[in-house]
Amino acid sequence: MSKEEKLKEINTDMDHPEEELRDTRTGKRKRLLIQFTILFGLIFLFVTGVSIFIQVKGSSRTYLEAKQEYMKPIMERIRKYIKDYTAYDWYLDYWEAHYQEVNGLTDEMAMDMDSEFYLDIVGEPDFKKKTSEELESLSPNQQLIAAMEAYSGIVGEVAISQWALENESSMLVDLSDEHLGFNYFTIESAMLNSLIEEDTDGETKIETETETETETDPYDVSFGLGDDDLALVEEMELQEKMRAIRQGTKNEALFIRFDYGKYNTHYYIGCIPLYANGKLRCGIMLWHDWSDFHSDLMWNLVIISVIAGAFLAAMGAMLFFFINRYAVRPLNKVQKGVREYMRNKDSRMVVEKMKLIRSQNEFEELAEDVSRMAVEIERYYDENAQLNGERQRVATELELASKIQSGVLPVVFPKEKDFELYAIMNPAKEVGGDLYDFFMISEDRLGLAIGDVSGKGVPASLYMMISQLLIRQYARAGYSPAEVLTRTNQTLCENNQYDMFVTAWFGILNRKTGKIIASSAGHEFPILRGAKGDYELIRDKHGFVLGGMDMSRYKEYELQMEPGGTLLVYTDGAPEATNGAKEMFGTDRMLEVLNQDTSLNPEDTIKHLEQEINGFVGDAPQFDDLTMLCIRYLGS
């Protein structure tokens with residue numbers, strides 16, 4: 001919506017009846033409060049959700065990190081125990097090939113098969129040190145007994161390592177390519193805890209459904225080996241997890257979260273690999289079921305969410321009430337007072353209205369500011385009316401000064417048989433401080449003058465007219481160019497209270513010979529072109545500026561103009577014209593532009609140069625007056 005359309009809409013609203021405006025404002029206020037409350041609720045829910053998410057993630061991570069630190073030494077201890085068997089890879093191969101025989105063998109059966117060998121290996125401390133070759137040399141029954149005894153020892157060590165853990169289970173799984181996923185044993189500690197208890201004498205009881213007997217050996221518990229437990233592994237999709245372990249682990253422990261969505265069960269799995277002959281054989285896997293902790297965490301999350309929702313509802317209602325009472329209502333009163341002021345322009349009425357707002361917060365200060373603003377606006381209107389009158393008067397005076405200045409400078413440019421000339425003066429402000437002049441001193445002598453007064457505006461314009469009149473006066477009195485500048489300088493210095501000065505160039509053209517006698521008071525170098533040549537810069541000798549020092553003296557020099565030759569004099573507004581990049585036009589560009597077409601007459605020459613300067617400056621502001629005078633000598 002444009003500014004004009006917006007003002008039109010505001011003015012239309014001001015013309016509506018007060019009851020209609022009140023209903024409209026009430027509806028807008030309610031929508032604003034509802035939108036603000038919804039926004040607050042969304043922000044609160046977002047912050048609460050992020051906080052709960054961080055809490056859940058942080059609690060889970062802390063819990064599992066602690067569990068990891070607890071599980072790692074257990075798995076290391078089990079791996080060390082297994083590796084104590086020098087030929088543990090032989091046992092792994094034997095268990096895979098004869099898992100049914102190993103599962104079915106009991107101590108009594110082993111005694112019946114080879115009692116002497118059985119008693120020897122049970123009591124032999126170095127039995128673990130037997131090599132694969134030594135085990136291969138045994139008879140089939142002895143190999144079976146050795147495999148059964150090693151299996152019982154390892155399973156017993158695993159069981160005792162997890163004796164105090166709850167919700168834990170251990171597995172020894174084949175990770176080789178040939179038998180990937182083969183499960184050597186699974187120990188459920190929950191089952192152990194239900195079966196094994198310690199009595200008061202420190203002995204262990206193994207309870208069954210039929211009888212209770214006292215034992216001193218907790219390892220005499222049968223654990224599954226082979227296909228039955230492999231089915232459980234396949235059901236829990238552990239095959240893919242094992243492949244991930246095989247690809248990612250070396251000798252370090254690897255920990256994986258496994259969420260079994262079908263039964264809403266959450267596991268934390270640790271695995272340590274076992275290598276034989278440089279190849280990965282199996283992995284010790286320790287499972288921790290942390291479903292109870294996860295359920296408790298989610299339940300706490302629900303409780304926190306309910307409490308946060310109730311708190312949000314209460315805070316939203318309170319926020320709605322307080323914003324409406326202490327913000328919207330005072331703001332509505334301020335708005336009403338402002339609208340009435342816009343309609344009536346009565347600052348006293350606004351002050352009385354604003355005094356009724358007593359909210360003891362920033363809105364009361366806002367009401368006071370509105371009161372002061374109304375008073376200041378009314379005072380501003382009065383002052384602005386006076387300033388407008390004064391500004392109009394100044395504008396009229398400047399327009400009159402501009403006309404007077406235009407009347408002082410010659411605007412009719414002669415075209416004689418022996419010369420033609422043209423000049424411009426473009427002021428940077430309403431009136432300028434530059435001057436140009438040409439006048440007949442005698443029948444054969446033409447005076448040419450150009451100057452630049454320090455400063456701009458009306459003071460510079462007045463100083464310019466005084467300088468121009470003095471130059472004319474002394475030139476027509478018969479003085480030479482140097483004397484003209486000397487006497488003009490002395491006159492200007494007599495009463496120069498504001499330290500203004502003028503740079504000037506004055507020359508006298510002999511119309512018969514084309515010779516110019518000139519003198520410069522700190523002015524820009526003239527530009528001269530011969531009859532058939534290019535424009536060139538004449539680096540003449542400068543004297544001091546006019547009005548600077550009353551003792552200044554000036555020297556003369558001669559310029560010889562050939563028939564068809566051209567002379568250009570100018571003020572510093574031309575070479576010092578600056579574009580937006582703070583780059584000046586310069587005399588080199590002036591010469592380049594002038595030499596583009598040397599056949600132009602004085603008027604076209606100045607207009608062409610002026611056009612190039614304006615194109616170079618572009619949108620940059622004009623900081624100085626631009627004045628140029630050009631004369632072409634045609635010969636007597």
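At 1% relative accessibility, cysteine 282 counts as buried, because buried means under 20% relative accessible area. The model in which this residue is seen is a predicted one. Cysteine 493 provides a second case: its relative accessibility is 21%, so it counts as partly exposed.

A disulfide is a covalent bond between the sulfur atoms of two cysteines. When the whole structure is searched, zero disulfides are found. Cysteine 282, accordingly, is in no disulfide, and the nearest cysteine sulfur, which belongs to cysteine 271, lies 9.0 Å away. For a disulfide, the two sulfur atoms would have to be within 2.5 Å.

The discussion now turns to the strands. Strand E1, residues 168-174, is joined to strand E2 by five bridges, and the two run antiparallel. Within this pairing, leucine 172 has phenylalanine 185 of E2 as its bridge partner. Strand E2 comprises residues 183-188, and five of its six residues are buried, so this strand is largely enclosed by the rest of the structure.

Five strands form it in the order E10-E11-E12-E13-E16, and their pairing is antiparallel. At the edges stand strand E10 (434-440) and strand E16 (557-560); each has a single partner strand, so one side of each is left without a neighbour in the sheet. From one strand to the next, the twist averages 20°. The partner of E16 is strand E13, residues 515-521; four bridges join these two antiparallel strands. Here lysine 515 stands opposite glutamine 560 in E16.

Helix H14, residues 457-476, touches E10, strand E11 (445-453) and strand E12 (502-510), and its direction makes about 25° with that of E10. Helix H15, residues 481-494, touches E12 and E13, and its direction makes about 25° with that of E13.

Threonine 627 is found in strand E18, which spans residues 626-633. Its relative accessibility is 0%, so threonine 627 counts as buried. What surrounds threonine 627? Leaving aside residues up to four places away in sequence, threonine 627 touches Ile424, Met425, Asp434, Leu435, Tyr436, Ile450, Tyr570 and Thr571. With one of these residues, aspartate 434, the side chain of threonine 627 makes a polar contact, side chain to side chain, at 2.9 Å.

Note on methods:
Residues numbered from 1 in each chain as written. Predicted model: local features only at pLDDT ≥ 70, side-chain atom pairs only at ≥ 80, totals over all residues. Heavy atoms only, no water. Buried < 20%, exposed > 50% of the residue type's maximum accessible area, 1.4 Å probe, protein only. Pairing = 2+ DSSP bridges. Axes fitted to C-alpha atoms, helices over the stretch in contact; angles between N-to-C directions. Contact = heavy atoms within 4.5 Å. Polar contact = N/O pair within 3.5 Å; in protein donor to acceptor, adjacent residues only side chain to side chain.
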